[in-house]
Structure formats: structure tokens, C-alpha cells
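Me: I'd like to learn how to read a few features off a structure like this one. Can we go through them one at a time?

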Amino acid sequence: MNQTEPDFWVLEYVTITKDPRTGLVVAIGGTEQAADILQRTGGFLTAPGPRGDYHRLPHGLPIEQQRLKATTASHALLAAGHSVHLDPALNMLAAPDGDRDAALRYLTQLAERASAAETSSEVAEVLTEVAAPVHGLLPLTREVIVRAWIAASDLHGAAPGEEPEPIARLGSTANSLSEAARVILHARNHAARPAQPPATAPAPTSAAGRAPSPVSRRR
């Protein structure tokens, strides 16, 4: 007796994510039933797009409200049988220290890679992770410092150049990080070059081949 595979009712895939350009939480894909769930459980609004309607949360919602509504809607969709991808940054149920723990593991792995490096190119790879111009650790850290400096200045109501001394020093710290990244990249470039074989010293001249030394004159 031949057994046939059962028919599965698979609904259209739904992606809930945060648009990096506008900062809006959007839901793309899904059926009319999915749209109903998004509107009822998450407060999503229907909006026209270049490729058809999509759904988004209202403007101006605090981040925690965005996460709560996106998480609630995604679980309601899953319970109704929809396939859903929820941006991890919007998942309220994710471990609160997950990102921090991942960052600490990444730094530990970099230190271990540096200690275990057996070639200059392996050292260069680690230094690249630290100081790469866009996604290196130092440039990203500098971006955090700069944004904190701007935010602290605004909160103190200080005009540029008139911040309290501890806050003003954040600016020079950001410059120091830029210089440190430049130095590390220079070292990275040097380490990435193929090692040059040591120069061989010239062979000593044999006694037979030496030029005769001048004979001192007798008086």
C-alpha cells in the first residue's frame, strides 16, 4: 500500500524588522489573515509601498513599545500557523545580556587567536578585526564615545567648546582612538607583508686573497 505525503497548509512568510533608513518597524509579506493579526495584536498600520501594501508600527513609538508590539504580533502569527522571521533586536524574549555576552566571547576569541598566532598573517587578521576602518572594534568604540559626547553636551545645554572639562575630554578621547586605530592598521600592514629572508653577511676573505699590508719603513 503506497502512502502519500499529507498536505500542509503553509501560509506566506512574514518578516518583521526595523528599517535602518527610516527607523520604522515594518512587517512585509503575509496574507490578509496575517494582516488582520498584525493590526489586532500589534497595532500595525497598513501603508502603500512600491511593491504593494505593507504594515508598519506608528511613528514615534518608544523602543520598548516597538519591541513589545513586534514580539506580540510575531507570536500571534506563529500560533495561527504563519512562518515568521522576527528581527532579534525586536524580540522581547531574547536574553537581555545576549549581545553583551556575545561581544565578550568575541573579544576573548580574538585574544586567544592573537596568542595562538603562528604567522604574521594571522596576527594581521586579528589586528584587522580591531582597527578595520568601518567595522573594526576601535572605530565602532569611537562612534559610541562620539555619540555619548554629543548626548552629554546636549543634556548639559552646553554649546560646542563650552562643555564641562570631563565631557570635553570625551572629544579628545575619540581623537586618541582614531590615532590608535591608525597606528594599529600601520602595524597590520607591516605584519601582512611576506617576511623577508635575513640578509647574508659577505664571506670573510681568505688570508691568501688579502691585499698585502704596507711594510713600515725602517729608519
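**Reading the features**

Reply: Let's start with one side chain: Glu 125 counts as partly exposed because its relative accessibility is 43%. The cut-offs are under 20% relative accessible area for buried and over 50% for exposed, with partly exposed in between (1.4 Å probe, protein chains only). Keep in mind that this is a predicted model, where local features need pLDDT of at least 70, side-chain atom pairs count only at pLDDT 80 or more, and totals for chains, interfaces and linings use all residues. Residues are numbered from 1 along each chain as its sequence is written, and side-chain values use heavy atoms, with hydrogens and water left out.

Me: Which residue does Glu 125 meet in a salt bridge?

Reply: A salt bridge needs a side-chain nitrogen of Lys or Arg within 4 Å of a carboxyl oxygen of Asp or Glu. Glu 125 meets Arg 113 this way, at 3.8 Å from N to O. That pair links distant parts of the chain, 12 residues apart, with Arg 113 in helix α3 (residues 98-116) and Glu 125 in helix α4 (residues 120-131). Arg 113 is partly exposed too, since its relative accessibility is 37%.

Me: How many salt bridges are there in the whole structure?

Reply: A search finds 6. One of them joins Arg 40 to Asp 36, with the closest N and O atoms 2.6 Å apart. Both sit in helix α1 (residues 32-42), 4 residues apart, or about one turn of the helix. Arg 40 counts as exposed because it reaches 58% relative accessibility, while Asp 36 is partly exposed at 36%. Arg 182 and Glu 179 form another, at 2.7 Å from N to O. They both lie in helix α6 (residues 165-192), 3 residues apart.

Me: What about the fold as a whole: how many helices and strands does the chain have?

Reply: Helices (H or I, at least four residues) and strands (E, at least two) are DSSP runs, numbered from the N terminus. Here you get 6 helices and 5 strands, in the order β-β-α-β-β-α-β-α-α-α-α. Of the 219 residues, 22% are buried.

Me: And how do I read strand pairing? Which way do β1 and β2 run?

Reply: Two strands pair if DSSP finds at least two bridges between them. β1 (residues 14-18) and β2 (residues 25-29) run antiparallel, joined by 5 bridges; Val 14, for instance, has Gly 29 as its bridge partner in β2. The two strands make a hairpin with 6 residues between them, and Gly 23 in the turn has a positive phi of about 80 degrees. β2 also pairs with β4, antiparallel, through 2 bridges, with Val 26 opposite Arg 56.

Me: Is Arg 56 buried or exposed?

Reply: Arg 56, in β4 (residues 54-56), is buried yet has no salt bridge; the nearest side chain of opposite charge, Asp 19, is 10 Å away. Charge here means Lys and Arg positive, Asp and Glu negative, with His and the chain ends not counted. For contacts (heavy atoms within 4.5 Å), leaving out residues up to four places away in sequence, Arg 56 touches several residues, including Leu 24, Val 26, Phe 44 and Leu 45.
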